[in-house]
Every structure is written in structure tokens, then in C-alpha cells.
Amino acid sequence: MVQKYEESFESFLENFKNTVSKLGFKNSIQKDYILKILYFNDEHLSAEQIANIAKSEYKVDMGIATVYRTVKFFEELNIVNSLDIGDGAKRYELNLSLHHDHMICTSCNKILEFNDEVIEKQQIKVAKDNNFYLNDHIMTIYGVCEKCQ
């Protein structure tokens with residue numbers, strides 16, 4: 001498993017457990033495994049994919065409803081971001097990396113992450129020009145990837 005975040009998984013998990021406890025919620029082994037799967041996976045995973053990986057790689061059998069409830073909980077805590085790629089299934093990623101946007105291939109559903117400072121600055125300018133304070137944004141570009149062209 002390749003580490004892609006500055007914080008180790010053990011440290012991340014410990015911080016998560018402390019936060020959940022302080023908020024008065026209970027932690028569960030299912031939450032731990034879902035976080036682990038998202039932490040160590042480079043793809044944007046659907047709930048079904050998360051459940052399948054839990055079963056195949058970790059021998060943990062969890063129902064799809066548990067996965068959906070858990071990722072919704074993670075979204076509410078701003079630990080996980082969801083991405084709708086237009087195929088009827090949300091994809092999930094941990095909210096630990098720097099801000100980035102997405103390009104989605106409408107043929108194969110491949111998701112590419114990118115960051116473009118020119119676009120970021122232009123969005124701030126557009127907001128400012130319209131007397132609007134920009135808190136955050138989500139940009140998703142749909143098109144056809146090089147492989148599918």
C-alpha cells in the first residue's frame with residue numbers, strides 16, 4: 001500500500017476516533033475499514049466498490065446500507081467528498097488532499113484530478129466582480145478521455 005497523504009493512516013484514524021468520540025458518536029470497525037479502504041485507494045470508489053474491497057481484501061462482510069450510512073456520516077463531518085459522475089452511483093474520496101477539480105470521461109467513467117491556478121484565480125475574480133464571497137467550489141469537467149477518443 002502506498003501512502004499518499006502527509007499524515008499516516010494510524011494517526012489519521014486516531015484523530016478520527018477522537019473527533020467522533022468528542023462529538024458523542026460511536027466508532028465501529030466498519031467505519032475504520034471504510035476509512036482504510038479510502039485512504040489506501042487511488043480511485044474514486046462507489047459504495048458497492050467499497051463493500052467489495054472490504055470483503056475481498058479484508059474479509060469484512062458489511063452490507064451496502066452500512067456503507068451508504070457511513071459515507072454519508074463521513075460527508076457530514078467533511079472527511080469524505082462525493083462525486084457524481086452521471087452513472088447513477090456516487091464516488092467517494094477522502095478530503096485530505098489539497099483542493100483539486102475533476103475531469104470525467106463520459107465514455108469509460110475515468111476520473112482525472114487536476115489543479116489549475118489560472119482557473120482558481122479566475123473563479124475568485126468572477127466572484128469578486130459579482131460582489132460574491134467564494135467559500136468553496138466544485139468543478140467537474142465532462143468529456144472524452146484520450147483513450148476513448
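User: Let's start with lysine 90: is it buried or exposed, or something in between?

Analyst: Lysine 90 is partly exposed, at 41% relative accessible area. For the wording, buried is under 20% relative accessible area, exposed is over 50%, and partly exposed is in between (1.4 Å probe, protein chains only). Keep in mind that this is a predicted model, where local features need pLDDT of at least 70 and side-chain atom pairs count only at pLDDT 80 or more, while totals for chains, interfaces and linings use all residues. Residues are numbered from 1 along each chain as its sequence is written, and side-chain values use heavy atoms, with hydrogens and water left out.

User: What does the lysine 90 side chain meet in a salt bridge?

Analyst: Glutamate 75, at 4.0 Å from N to O. The pair ties together distant parts of the chain, with glutamate 75 in helix α4 (residues 64-76) and lysine 90 in strand β2 (residues 90-94), 15 residues apart. Helices (H or I, at least four residues) and strands (E, at least two) are DSSP runs numbered from the N terminus. A salt bridge here is a side-chain nitrogen of Lys or Arg within 4 Å of a carboxyl oxygen of Asp or Glu. Glutamate 75 counts as partly exposed, at 26%.

User: How many salt bridges are there in the whole structure?

Analyst: The search finds four. One of them joins aspartate 87 and arginine 91, with the closest N and O atoms 2.8 Å apart. Aspartate 87 is partly exposed at 36%, whereas arginine 91 is buried at 11%.

User: And what about aspartate 129, which side chain does that one meet?

Analyst: Lysine 125, in a salt bridge of 2.6 Å, N to O. Both lie in helix α5 (residues 117-129), four residues apart, about one turn of the helix. Lysine 125 is partly exposed, at 44%.

User: Switching topic. How many disulfides turn up?

Analyst: Zero, across the whole structure. A disulfide would be a pair of cysteine sulfur atoms within 2.5 Å.

User: Then why not cysteine 145?

Analyst: The closest cysteine sulfur there belongs to cysteine 148, 3.7 Å away, so it is too far for a bond. Cysteine 145 is buried, at 12%.

User: OK, histidine 44. Where does it lie, and what polar contacts does its side chain make?

Analyst: Histidine 44 lies in the loop between α2 and α3, and it is buried at 8%. Its side chain has a polar contact of 3.2 Å with the side chain of histidine 102, and another of 3.0 Å with the side chain of glutamate 113. A polar contact is a pair of N or O atoms within 3.5 Å; within protein, one must be able to donate a hydrogen and the other to accept it, and residues adjacent in sequence count only if both atoms are side-chain atoms.

User: Where is serine 46, and is it buried or exposed?

Analyst: Serine 46 sits in the loop between α2 (29-40) and α3 (47-58), buried at 5%. Leaving aside neighbours within four places in sequence, serine 46 is in contact (heavy atoms within 4.5 Å) with Ala89, Lys90, Arg91 and Tyr92.
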